[in-house]
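Welcome! Take a look, then read on.

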Amino acid sequence: MTSIWNKIEQYGNPTRFMEWSWPVMLAFASMALVLLSAGLFQAFFVAPEDYQQGHTVKIMFVHVPAAWLAMMGYGVVAFSSFGLLVFRHPLADVAAKSAVPIGAAFTFLALVTGSLWGKPMWGTYWVWDARLTSVLVLFFMYLGLMALRSSIEDEHLAARLTAILSIIGIGILPFIKISVEGLSIPWLGVELPSWNTLHQPSSVMRMDGPTIHPTILWPLLICAAGFTCAFFAMHLKAMRNEILRRRLKALMQAQVQQARRDERMALATGDAGSRRASR
Amino acid sequence: MLDLGKHAIFIWSSYAVVAVVISGLALWLVAEGVRLRRRLGELDEQGVRRRSRRD
């Protein structure tokens, strides 16, 4: 256990992170390109039309991964925030801050592609039901985290407050899940009904297995894997940028302090020189 | 061009939005990294370095 912790400490050091994250980021980016190319080829040229949705099912190959990554992104933010508050790990805040805009982007894509699917299938771009509204709330929570952080000048305080807010907000994730299917835990006596919604229940992550035909399921899973690799590649890149930004800020502050010290020294030596000259 | 039926506009619009957002995000991250490295390089030339990199 101690050795695992030591490894995390060792690889979590920002300097070490900058060394190992570059090849890992390139690997994720390459896998994303390969998987997305393969997945989208299958989606457009191999997967058949759905018997109900027709060609519109092709939107699912981007909508479903975006929705999954919207939730996973928030999980990354909350998990990293926990790491900051409990373990004060140097990279935890960097990871949390960097995941927010990427998670927000995927949430935006889930909302937009869902609306574009909804119009031909449901006859409307939007309904204020529990699933759609809770995902919209998730998007606003991402925006709220960005707004809160940018509104506080003290970076340490901003990091702690956004970490607390993101951990409080994690409750939205199970709500999104149960907003369509409800919740039934018989041995705990918990029975929550599902809300009245247009959104269909899960077709992939089900206790009784996926209900999608393999010709559509496989391209969907490959696209999901590709988008997940893209998420991690961009997250690592954003983390590297954040470390560079913090280094730049520290150096600029050191430069200003050095300039002030030099100015004081020049004034002090100038005063001493003028006093000697006046004697 | 693929024939995606009467709802093709919704399908192509979905993929266009995804392409714009993902590639925009990736390009912004790469450009930001280049900008930060260039700025750090300028400071380095002025002799402003991290303690671990001082001569």
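Helices (H or I, at least four residues) and strands (E, at least two) are DSSP runs, numbered from the N terminus. With that in hand, chain A reads α-α-α-α-α-α-α-β-β-α along its sequence, a total of 8 helices and 2 strands. This is a predicted model, in which local features need pLDDT of at least 70, side-chain atom pairs count only at pLDDT 80 or more, and totals for chains, interfaces and linings use all residues. Residues are numbered from 1 along each chain as its sequence is written, while chains are lettered from A and ligands numbered from 1 in the order in which they are written.

**Overall form**
- Chain A is more spread out than a compact globule, because its radius of gyration (taken over C-alpha atoms) is 25 Å, well over the 19 Å that the globule rule (2.2 Å times the number of residues to the power 0.38) gives for 279 residues.
- The C-alpha trace of chain A spans about 100 × 45 × 45 Å along its principal axes.

**Confidence**
- The mean pLDDT (the predictor's confidence in each residue, from 0 to 100) of chain A is 88, and 91% of its residues reach 70 or more.

**Meeting chain B**
- In chain A, 30 residues are in contact (C-beta atoms, placed from the backbone, within 7 Å) with 25 residues of chain B.
- H4 and helix H8 (214–278) of chain A each supply at least two residues of the side that touches chain B, and H8(A) gives the most, with 13 residues.

How values were computed
Two residues are in contact if their C-beta atoms, placed from the backbone, lie within 7 Å.
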